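Subject: Handover of a structure

Dear colleague,

Please find below the structure that I am passing on to you. A summary of the findings follows it.

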Amino acid sequence: KGVLWKVNFSSDGNQYIDKNLYVDNDVVLDGHLQLRNTPIFEASCFTQQTNLTTDTEVQLLFATEMIDTTSSLSSSTFTAPLTGIYMFYYTLSFNQFDISSGPMSYIMCGLRKNADEYFCVSRIDDKEFTADTDAVVSRSASRIRRMSKGDTVKVFFYQEGGDAQVDFKTHVTAIDGNPRSSVFGRYLITK
């Protein structure tokens with residue numbers, strides 16, 4: 001590490017550096033923050049969770065990290081490495097819905113920040129089906145959320161009523177023939 005002491009200007013008045021420049025703090029170019037090592041992760045569900053419990057919240061598991069630049073995903077829980085504004089997203093796929101025997105009323109799934117704030121919530125309603133089905137139903141959502149360093153986010157599932165037979169799917173082919181994966185991810189937009 002050293003001090004940048006030699007400055008050469010071109011005839012157009014711009015400064016050029018012909019060596020590597022190492023910066024310990026953030027760099028702002030034309031008023032825009034340029035982050036180094038931008039925190040980002042995406043994880044997939046490669047192990048199916050079957051017969052999810054009813055009438056209680058269940059954490060959905062994403063055991064396979066596709067990318068995690070700051071090691072901020074542990075035990076399927078994201079912990080914010082920096083205070084900032086993050087974009088969260090998910091795609092969740094389920095099947096084996098119970099409609100006939102003690103039918104479910106609804107399913108809620110989404111993200112839970114810390115222990116008390118739910119956001120990015122999707123609903124699957126019993127009226128979407130006329131009978132028990134093993135058809136795959138997917139829900140996708142995204143949301144921007146301000147996070148403080150140390151805040152946590154988990155993906156949750158909650159089924160009201162019915163039997164514990166809904167499965168959280170891994171890689172599947174949906175009714176329309178397109179592949180779907182259950183994924184959970186986020187990236188830092190700005191500090």
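Is arginine 112 buried or exposed? Arginine 112 is buried, as its relative accessible area is 15%; buried stands for under 20% relative accessible area, exposed for over 50%, and partly exposed for what lies in between, with a 1.4 Å probe and protein chains only.

Before the details, a note on the basis of the values. This is a predicted model, in which local features need pLDDT of at least 70 and side-chain atom pairs count only at pLDDT 80 or more, while totals for chains, interfaces and linings use all residues. Residues are numbered from 1 along each chain as its sequence is written, and side-chain values use heavy atoms, with hydrogens and water left out.

Salt bridges

Arginine 112 forms a salt bridge with glutamate 57, and their closest N and O atoms are 2.8 Å apart; the term requires a side-chain nitrogen of Lys or Arg within 4 Å of a carboxyl oxygen of Asp or Glu. The two residues belong to distant parts of the chain, 55 residues apart: glutamate 57 is in the loop between strand 3 and strand 4 (58–59), and arginine 112 is in strand 9. Strands are DSSP runs (E, at least two residues), numbered from the N terminus. Glutamate 57 is partly exposed, with a relative accessible area of 31%.

The count of salt bridges comes to 5. One of them joins lysine 113 and aspartate 151, at 3.7 Å from N to O. This pair also links distant parts of the chain, with lysine 113 in strand 9 and aspartate 151 in the loop between strand 11 and strand 12, 38 residues apart. Lysine 113 and aspartate 151 are both buried. Another salt bridge is formed by aspartate 125 and arginine 123, whose closest N and O atoms are 3.0 Å apart. Aspartate 125 is buried, at 18% relative accessible area, whereas arginine 123 counts as partly exposed at 42%. Through shared partners, salt bridges join Lys113, Glu117, Arg145 and Asp151 into one network.

Aromatic rings

Arginine 145, a member of that network, also lies over the face of phenylalanine 119, at 4.4 Å from the ring centre. For a charge to sit over a ring, NZ of Lys or CZ of Arg must be within 6 Å of the ring centre and within 35 degrees of the ring normal.

The structure holds 12 aromatic pairs. Rings of Phe, Tyr and Trp (its six-membered ring) pair if their centres lie within 6.5 Å; planes under 30 degrees apart count as stacked, over 60 as edge-to-face and the rest as tilted. The pair of phenylalanine 78 and tyrosine 86 is edge-to-face, because the planes stand at 65 degrees, with the ring centres 5.6 Å apart. Phenylalanine 78 and tyrosine 86 are both buried. The rings of phenylalanine 94 and phenylalanine 168 have their centres 5.6 Å apart and their planes at 40 degrees, so this pair is tilted. Phenylalanine 94 in strand 8 (residues 84–95) and phenylalanine 168 in strand 13 (residues 167–168) are 74 residues apart, and the pair thus links distant parts of the chain. Phenylalanine 94 has a relative accessible area of 0% and is buried; phenylalanine 168 also counts as buried, at 0%.

Which residues touch the most other members of the largest nonpolar core? They are Phe78, Phe94 and Phe184, in a core of 34 residues. A nonpolar core is a set of buried Ala, Val, Leu, Ile, Met, Phe, Trp, Tyr and Cys residues joined through side-chain atoms within 4.5 Å. Strand 3 (40–44), strand 8, strand 9 (104–113), strand 10 (117–125), strand 11 (137–147), strand 12 (152–161) and strand 16 (183–190) each supply at least two residues of this core. Strand 8 gives the largest share, 5 residues.

The loop between strand 3 and strand 4

Asparagine 51 is in the loop between strand 3 and strand 4, and its phi is near 50 degrees, a positive value in a residue other than glycine. Asparagine 51 is partly exposed, with a relative accessible area of 45%. Aspartate 55 is found in the loop between strand 3 and strand 4, with a positive phi near 60 degrees. Aspartate 55 is partly exposed, at 43% relative accessible area.

Yours sincerely

Conventions:
Helix = DSSP H or I, 4+ residues; strand = E, 2+ residues; numbered from the N terminus.
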